[in-house]
Amino acid sequence: MTYCLGIKVKEGLVAIADTRITSGTDVTTKKKLTTVQKDKCSLFIMTSGLRSVRDKAIIYFDELLETNLEQYNKLYKVVNAFGEQVKRVAEEDREPLEKAGFKFNLNTIIGGQMKDDEEHKLFLLYPEGNWVELGNGAPYVIIGNAAQGKAILNRILKGDTSMKLALKAGFLSFDSTRISAVDVGFPIDVALYKNGSFNMVDYHYESTDLENVSAQWHEELKKALNNTSNQWIDNAFNQLENNTINKTDPHEV
């Protein structure tokens with residue numbers, strides 16, 4: 001499984017990807033976040049699904065950018081181009097993969113800004129090659145293991161959320177997923193992009209870099225729970241205690 005998160009706020013883009021690869025009992029680490037930084041071209045690509053499919057699509061796409069970069073003046077054109085490479089790999093590999101019991105399931109998050117984009121963009125690309133753009137009503141998207149990490153994102157992320165707060169919330173979303181899923185884990189890769197800057201930053205974190213943050217959040221959660229008002233549950237527990245006191249012990253009859 002995978003955890004890849006893309007966030008779009010007014011200030012810019014935040015991307016987080018874990019690096020854990022599981023195959024049976026084997027666990028390795030490989031990069032799932034790819035960044036491209038050229039003149040008036042800043043973008044990241046994150047994928048979930050079969051590693052062989054991902055690597056092949058990325059190689060085809062890299063070759064395309066090397067020879068035709070000037071054609072992709074807007075990010076949606078980049079997304080279309082990557083989608084075509086995914087469909088190309090599907091034509092080549094889907095049948096033998098499915099015969100071997102593997103599902104062709106490459107999902108992709110692409111974010112960034114090209115020279116003629118008015119602002120930064122964030123897209124979710126499906127295995128079939130079609131896509132949706134993420135925006136005001138949906139400031140983030142997760143591919144891979146998404147169940148455990150959504151709560152804090154839904155509470156925190158708004159259009160005017162700062163990139164720093166978005167990254168904090170994104171890490172805590174990953175951390176919740178990591179604790180609940182053995183196939184998601186450190187190290188993680190982070191990409192940051194400020195709107196209009198055409199400067200993509202790619203940063204790598206080991207578990208030792210963030211273990212104090214995780215531990216602090218754990219303690220803060222316990223404190224917050226203990227400090228939450230008990231008034232709403234006191235009546236129920238008072239009734240439970242009264243019923244226990246008033247109940248006759250059958251052995252004393």
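Trainee: Among contacts in the protein chain between residues at least 6 apart in sequence, what percentage join residues at least 24 apart?
Mentor: The share is 62%. A contact means heavy atoms within 4.5 Å. Before we go on, two ground rules. This is a predicted model, where local features need pLDDT of at least 70, side-chain atom pairs count only at pLDDT 80 or more, and totals for chains, interfaces and linings use all residues. Residues are numbered from 1 along each chain as its sequence is written, and side-chain values use heavy atoms, with hydrogens and water left out.

Trainee: Why is Thr-34 called buried?
Mentor: Buried means under 20% relative accessible area (1.4 Å probe, protein chains only); over 50% is exposed, and in between is partly exposed. Thr-34 has 18% relative accessibility, so Thr-34 counts as buried. Across the protein chain, buried residues make up 42% of the 253 residues.

Trainee: Where does Thr-34 sit?
Mentor: In strand β5, residues 33-38. Strands are DSSP runs of E, at least two residues, and helices are runs of H or I, at least four, numbered from the N terminus. The protein chain has six helices and 12 strands.

Trainee: What joins the side chains of Thr-34 and Arg-54?
Mentor: A polar contact of 2.7 Å. The cut-off is a pair of N or O atoms within 3.5 Å; within protein, one must be able to donate a hydrogen and the other to accept it, and residues adjacent in sequence count only if both atoms are side-chain atoms.

Trainee: Which residues does Thr-34 touch, not counting residues up to four places away in sequence?
Mentor: Leu-43, Phe-44, Ile-45, Arg-54 and Ile-58.
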